[in-house]
Every structure is written in structure tokens, then in C-alpha cells.
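Student: Could we go through this structure together? I would like to discuss its helix packing, its backbone and its confidence.

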Amino acid sequence: MPIARRPLIAGALAALPLPALAQDGPFPARPIRMIVNFPPGGTTDIAGRIYAERLQSRIGQPVPVENRGGATGNIGAEAVARAAPDGYTVLTTAVSPAAINYALFGARMPYKPEDLAAVGLYLRVPNVIMVHPSQPIRTIQELVEAAKARPGALNYGSAGNGGSPHMSMEMFKLRAGGLQITHVPFRGAGPMLIEAVAGRLECSVDNLPSCIGHIRDGRLRPLAVTGHVRSSVLPEVPTLAETVAPGFEATAWFGMQAPARTPRPIIDRLGAELDAISKEPAVRARLADLGADPPNLTADGGTTPAAFEAFIREEIAKWAEVVRASGARID
């Protein structure tokens, strides 16, 4: 290479934009945008806003929340997967877009597991199968009997295709003898709960945190929870495992992911903040009031990026088998 050209090349290289981390100074130097990949009112939104508020206080930077729902969480997740990997765009996600959808959508998935980096788990919750108080059905056994007496006549609402409420109900139908109950998907828990409370759905299933208020107020009657033990906030409501589906367990979970190429120091910093938030007494009290459990990915009940990554891999494999066995699909 001629010596005379070196200054020109050096000048051109100097003109190239430096990585955001170097431009901004120590992370975080500006607001962190949190995309929630479901509409307002559901548990994904509730969880994201709890953690966004605490993260903002801890890092001294705004953490604005942007709801970007659609395609069972895939639209918001894809937006984060394609975002600049600088730590200033993160995703509050759920079990469906982070694990279930890979099997459910198959080749139509707009991103791959390796496009998103695990940061930390927020919480875990059971789902609740409910009916409107006007319904004559008062127990989960009576729901099974009604479904068997009138195959295909009953319907149930959920927050959308492929979400943990939908898949939990499909598992239940399979385990309870192949029940025929028609799924009515909505664009989020909020719209579904409006119809359920109005009595326009014979049955509904949802994450406990987003429906607990309606249950406490008597607007919805809980029949069973999907966790392996009874919920501490609904101790009188049995599990599916102890009633009509022995061994049944299906829980929803929510956490943070970031673009895959985000520098490891940033992932570790955010992961450490989430771990600390998950252990704050006020946060734990808030989660307990909603019927949610803490992350419990580490020995001290917390979370780390590595532990969350391993957990997601296990969940992808688990739900792929559920999708296969149930025959669930996205039309």
C-alpha cells in the first residue's frame, strides 16, 4: 500500500461512528427504552412496569415503557432483536414469545432464540380457569362434565393464541380426556377480561396477576389453578393436579431480554440490577399480593443472565412437546 494513502485511510476511519457505549460514556448514560410485547393490562405489562419503575430509581435514568403487542408477542420481540445492541433497548417478554412460539409458529417465526440475550427472570405465576358467576358451573369437575355432555358447545377466552393461558387450557383439555371447548383468542388480557366480566364468555383462563382483582371482587369465579400447588392468594381454589388432571403443572413467567450482540458487561449490569430488584422486600410483597412467585433461579431466590438463559432453553424444549401433543396451531 503506498505510504501517501495512509493519512486518507486514517481520516476515513476516524470519521466512522464509534459504538454507542464509547460515545455515551459509562452505561447507562441515557434513558433505556423498555418494549413490552403485549398490550396494557396483562401480566407482561404489569411485571414490566413494576421492574421499570425500580430499575429507573436504581440506575438514575428514565426507563420509558412502550407497549408493542401483536402476533402473540412476536412483533415486540422482533423489534428488540433487530435493535441496536447497546443496552438502550430491552424487552419485557413472556413464556410465549420467548419459548412457546418457536414450536407454534415454526418457519414463520421472525427471529430465532439466538437473536435475543437473556438478562433476567422477573417472576412466575399460575394461570386460573374461571367462569362468570352467572354460570351454573361451580367446580372444575362440573366444567369437565359440562364439556363432555355438550362437545364443542362451550367456549373459553384467553389473551391470545400461543400464550401460556391458551396452552395451559389446551394441556388441560388433553389431560382431562380430550375435551372439546372452543378457544376464543383476544388481543391481550385486558380485552378478554372485559368480555369475561360482562358474561359474554362461558369460561376464561388468564395469568393470576391480571385477573386477581376481578376474582376478589366476585366478578369472576375461579375453578382451578394450573400450578403444582395452590396459590397463597387463592388458597381455597384447588389445582388441576389434585382434581381432574393428576400431575398437571403449567406456569407463566416473565423476564427481560436484550439484542443478542449487546456487550456482556451491559448484560451483566442489567442482570445484577434485576436480581437486586427481585429481592427488594417491597417488590416481593407486591408480587405476593398479585399471586406471583419470585424468580427462584438461584439458591438465594434470585436470577442471573446465565441461569435465565438455561431456563429458557429448557422451556423451549418443554413447550415444543406440549405443542406437538396438543396439536395447537396458529391459523
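**Helix packing and backbone**

Tutor: Let us begin with a pair of helices: the crossing in which H5 passes H12 is right-handed. This is a predicted model, which applies to everything that follows.

Student: At what angle do helix H5 and helix H12 pack, and how far apart are their axes?

Tutor: Helix H5 covers residues 95-105 and helix H12 covers residues 305-326; they pack at about 45°, and their axes are 8 Å apart. H5 is therefore oblique to H12.

Student: Which residues make that contact?

Tutor: On the H5 side they are Val95, Ala98, Ala99, Ile100, Tyr102, Ala103 and Leu104. H12 contributes Ile312, Glu315, Ile316, Trp319, Ala320 and Val323.

Student: What about H8 and H9: at what angle do their axes cross?

Tutor: The axes of helix H8 (residues 189-197) and helix H9 (residues 208-216) cross at roughly 25° and come within 11 Å. Angles under 35 degrees count as roughly parallel, and H8 and H9 are therefore roughly parallel to each other.

Student: Is the crossing of H8 and H9 left-handed or right-handed?

Tutor: The crossing of H8 and H9 is right-handed. Ala189, Leu193 and Val197 of H8 make the contact with Ser210, Cys211 and His214 of H9. Among the residues of this contact, four are nonpolar, two are polar and none is charged.

Student: Changing topic: where is there a cis peptide bond?

Tutor: A cis peptide bond joins Phe27 and Pro28, with omega about -5°. Pro28 belongs to the loop between helix H2 (20-24) and strand E1 (33-36).

Student: Which residue has a positive phi although it is not a glycine?

Tutor: Ala71 does, with a phi of about 55°. Ala71 is placed in the loop that runs between strand E2 (65-67) and helix H4 (74-81).

Student: Stepping back, how many helices and strands are there in the protein chain?

Tutor: The protein chain has 12 helices and nine strands. Its radius of gyration is 22 Å, close to the 20 Å that the globule rule gives for 331 residues, so the chain is as compact as a globular protein of that length. The C-alpha trace spans about 90 × 45 × 35 Å along its principal axes.

Student: Finally, what pLDDT does the protein chain average?

Tutor: The average pLDDT is 90, and 92% of the residues score at least 70. Over residues 1-22, however, the pLDDT is below 50. That stretch has eight contacts in the model beyond near neighbours in sequence.

Note on methods:
Residues are numbered from 1 along each chain as its sequence is written. This is a predicted model: local features need pLDDT of at least 70, side-chain atom pairs count only at pLDDT 80 or more; totals for chains, interfaces and linings use all residues. Side-chain values use heavy atoms; hydrogens and water are left out. Axes are lines fitted to C-alpha atoms, for helices over the stretch in contact, and angles run from 0 to 180 degrees between N-to-C directions. Helices (H or I, at least four residues) and strands (E, at least two) are DSSP runs, numbered from the N terminus. Angles under 35 degrees count as roughly parallel, over 145 as roughly antiparallel, 65 to 115 as roughly perpendicular and the rest as oblique. A crossing is left-handed if the near helix is turned anticlockwise from the far one by less than a right angle, and right-handed if clockwise. Contact means heavy atoms within 4.5 Å. Ala, Val, Leu, Ile, Met, Phe, Trp, Tyr, Cys and Pro count as nonpolar, Asp, Glu, Lys and Arg as charged, and the others, Gly among them, as polar. pLDDT is the predictor's confidence in each residue, from 0 to 100. The radius of gyration is taken over C-alpha atoms; the globule rule is 2.2 Å times the number of residues to the power 0.38.
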